[in-house]
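Welcome! Here is a short briefing to read alongside the structure shown below.

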Amino acid sequence: MAWKRYQVSNGHNTLDNEELEPDAVSWVLSRLKTHFGLRLQGGSRVGMDLSAAAGEIRIDDAPITLGWDNWSGFFLMAHDDHGDAVLHEIELQFNSGEVS
């Protein structure tokens, strides 16, 4: 699967996978949970409209938006430097095949 890292308008990173549909959320969360274990926690924010759905997870207390939209497909987005470091770790796992 094609995971690609981009820098978004807030200056931080996003990992996008245009091949995944919205129902991949449980599959991706399962793989993140396998890798991060107790470092992965649920967040407190969620949103949805006709073209996008997103929710917050926290890894090492860094907020990460996990979602899907018509433009990016499935995505994980950081909001600060700590989140960028977490996304880098996720990207390494995706590219290693541990999490595809």
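A salt bridge here is a side-chain nitrogen of Lys or Arg within 4 Å of a carboxyl oxygen of Asp or Glu. With that in mind, a search of the whole structure finds 5 salt bridges. Please remember that this is a predicted model.

**The sheet and a helix across it**
- The open sheet has 6 strands in the order β1-β2-β6-β5-β4-β3, with antiparallel pairing.
- At its edges sit β1 (4-7) and β3 (40-48), each of which pairs on one side only.
- From one strand to the next, the twist averages 25°.
- Strands β2 (residues 13-17) and β6 (residues 73-78) pair over 4 bridges, and L15 has L76 as its bridge partner in β6.
- Helix α1 (residues 25-36) lies across β3, β4 (52-59), β5 (62-69) and β6, and runs at about 155° to β3.

**The nonpolar core**
- The largest nonpolar core has 21 residues, of which W3, L32, F74, L76 and I90 touch the most other members.
- Two or more residues of this core come from each of α1, β4, β5, β6 and α2 (81-96).

**Salt bridges**
- E91 and R5 form a salt bridge, with their closest N and O atoms 2.7 Å apart.
- Because E91 lies in helix α2 and R5 in strand β1, this pair ties together parts that are 86 residues apart in sequence.
- E91 is buried at 13% relative accessible area, whereas R5 is partly exposed at 44%.
- D61 and R58 also meet in a salt bridge, at 3.1 Å from N to O; D61 is exposed, with a relative accessible area of 58%.

Note on methods: Residues are numbered from 1 along each chain as its sequence is written. This is a predicted model: local features need pLDDT of at least 70, side-chain atom pairs count only at pLDDT 80 or more; totals for chains, interfaces and linings use all residues. Side-chain values use heavy atoms; hydrogens and water are left out. Two strands pair if DSSP finds at least two bridges between them. Axes are lines fitted to C-alpha atoms, for helices over the stretch in contact, and angles run from 0 to 180 degrees between N-to-C directions. Contact means heavy atoms within 4.5 Å. A nonpolar core is a set of buried Ala, Val, Leu, Ile, Met, Phe, Trp, Tyr and Cys residues joined through side-chain atoms within 4.5 Å. Buried means under 20% relative accessible area, exposed over 50%, partly exposed in between (1.4 Å probe, protein chains only).
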